[in-house]
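Below are some comments on the helix packing and strand pairing in the model. Please read them beside the coordinates.

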Amino acid sequence: MPYLGIILVIATVLFGRLSWVNFRRGNYSIALTCLVLIGLLLRLFVASDLFLHPWDERYHALVAKNMLSHPLVPTLYDSPILDYDYKNWPGNHIWLHKQPLALWGIMASLWTFGTNEIAVRIPSIILSTLGIVLTYKMGWKLFNRQVGYYGSILYAINGLIVEMMSGRITTDHVDIFFLFFIQLAILLAIEFAQTRNKWINLLCGFTIGLAVLSKWLPALIVFPVWFALIKYYSKFTWKEIVLHGIFLLTIAFVTFIPWQVYIHQQFPLEAVWESNFNRMHLTEAIEGQSGPFYYHFSVMRIVYGEIIYIPLIWLLWVTLKKRNNSKYWALLLWIGIPYIFFSLVATKMQAYTLFAAPAIFIVAALFIHYLIVNKSRFRYNWLPVLLVVLLFSLPIRFAIERIKPFNEIDRNPEWRRELLQFSEKIKDDKKAVVFNVELPIELMFYSGIPSYLEMPEDHIIDSLLVEGYTIYFGNHSEVEHKYEKANYFTLVKKGNPY
């Protein structure tokens with residue numbers, strides 16, 4: 001029986017009930033605290049897998065671990081034994097495939113909590129939990145507490161964010177960092193637009209820079225949203241808007257440009273290649289990640305619930321109706337620009353538009369508030385009730401499907417235990433190297449020993465033996481036991497724990 005999952009569901013229902021009761025009574029702090037606890041419990045449950053997930057968590061974890069010794073030199077194969085192709089990011093030495101901020105965050109966590117799988121996920125657990133609070137504050141400051149509360153519910157239980165945070169699916173922690181800093185930057189933009197505090201604008205620019213250092217130039221989405229918010233509050237002259245905008249842009253560039261200059265100076269081949277590789281995503285379906293033009297609009301129903309299109313169409317209608325109210329334009333730009341841009345991009349992945357999620361939650365929450373307040377104006381009183389129920393229940397259904405609370409999951413599979421035992425055996429041998437092992441990245445994370453999926457040619461093995469290397473051969477494929485000085489071992493084949 002999945003007892004932990006059952007306990008999780010019971011605790012979620014109880015905290016949810018407590019949150020709703022306190023919200024209805026006006027105890028907003030308690031209501032929000034209960035939501036944060038729900039979000040944290042969901043995240044801890046999903047993040048408790050005691051193994052690294054294949055795409056892309058294991059790569060991020062290994063690079064972050066290697067950066068403990070040299071924070072400014074990101075490496076995958078820290079001490080490569082075989083020749084490598086700097087264009088091959090899953091087997092490279094200098095690893096510039098992602099911007100560094102998420103890797104530094106994981107590195108700091110590994111330094112604090114030790115080299116283990118949970119430590120890899122702690123930064124994402126923290127940031128994605130804080131995102132619940134940020135969503136509440138954004139909805140409250142833009143509209144009212146009710147909108148903030150409904151939006152924070154949708155953020156807390158969103159299945160894709162929870163899965164992304166846990167490392168179970170592609171791009172994982174990088175997208176969580178990116179989502180957080182985009183959301184924080186726009187919240188700071190709201191604060192600046194309302195208060196005219198120059199220090200808040202400085203923080204906003206700095207946060208945009210951190211977002212770029214998380215996942216590159218899509219972070220610039222903040223600028224049109226910032227402009228729309230500034231225009232809405234009408235506290236600035238056009239000259240002030242231009243000056244504050246230049247200042248914002250300058251702070252952002254000062255934050256992220258030094259790293260770009262540094263890597264192009266220190267690692268020019270890898271930096272130029274990765275820059276070109278990023279641009280290739282625009283015109284080529286990289287690694288088979290293709291889809292039709294409407295891909296992201298189609299995936300939206302799975303990420304946010306099948307009827308999410310209704311609030312979005314309603315937003316478009318309200319924005320056009322109140323065209324001078326640029327607060328609605330800010331939300332529309334935050335959602336529309338990423339979805340249109342990435343629809344035009346050849347490479348398509350579901351997380352590419354995740355940084356628009358807070359805006360979608362707020363729009364859905366605003367629509368829910370509209371339905372509740374205007375219930376009596378509908379010809380059929382049951383219709384707004386049905387829509388509200390579906391806007392909450394459909395995302396909950398998808399959250400259950402992604403979180404899998406009722407599945408029997410082997411959190412510590414046998415292959416992981418054997419890999420740890422083998423790692424403990426070889427980790428102190430500074431001249432060890434492993435070939436023909438199914439999980440070389442995981443093995444390097446645990447042991448620090450260079451490990452390879454493939455078998456090298458005979459003359460390479462002979463030369464390594466002459467140089468005094470201790471060579472181990474795994475059982476990834478059939479290997480002829482012809483090297484007397486080599487060691488042969490067997491590991492359990494990796495299976496799907498889900």
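1. The contact between α5 and α7 is made by R121, S124, I125 and S128 of α5 with I161, M165 and S166 of α7, contact meaning heavy atoms within 4.5 Å. By class, three of these residues are nonpolar, three polar and one charged. Here Ala, Val, Leu, Ile, Met, Phe, Trp, Tyr, Cys and Pro count as nonpolar, Asp, Glu, Lys and Arg as charged, and the others, Gly among them, as polar.

2. The model is predicted: local features need pLDDT of at least 70 and side-chain atom pairs count only at pLDDT 80 or more, while totals for chains, interfaces and linings use all residues. Residues are numbered from 1 along each chain as its sequence is written, and side-chain values use heavy atoms, with hydrogens and water left out.

3. The axes of α5 (residues 117-142) and α7 come within 8 Å and cross at roughly 155°. Axes are lines fitted to C-alpha atoms, for helices over the stretch in contact, with angles from 0 to 180 degrees between N-to-C directions. The two helices are therefore roughly antiparallel (over 145 degrees; under 35 is roughly parallel, 65 to 115 roughly perpendicular, the rest oblique). Helices (H or I, at least four residues) and strands (E, at least two) are DSSP runs, numbered from the N terminus.

4. α7 (residues 159-166) also packs against α17 (residues 382-403), at about 25° with the axes 8 Å apart; this pair is therefore roughly parallel. G159, L160, V162 and E163 of α7 meet A399, R402 and I403 of α17. The contact comprises four nonpolar, one polar and two charged residues.

5. Just after α17, K404 has a positive phi of about 55°.

6. Strand β1 (residues 432-435) is covered on both faces, with A432 and V434 buried on one side and V433 and F435 on the other. β1 runs parallel to β2 (residues 470-473), joined by four bridges; pairing requires at least two DSSP bridges. V433 has I471 as its bridge partner in β2.

7. R417 lies in α18 (residues 414-426) and, at 38% relative accessibility, is partly exposed. R417 and F51 are 366 residues apart in sequence, yet their C-alpha atoms are 9.3 Å apart.

How values were computed:
Buried means under 20% relative accessible area, exposed over 50%, partly exposed in between (1.4 Å probe, protein chains only).
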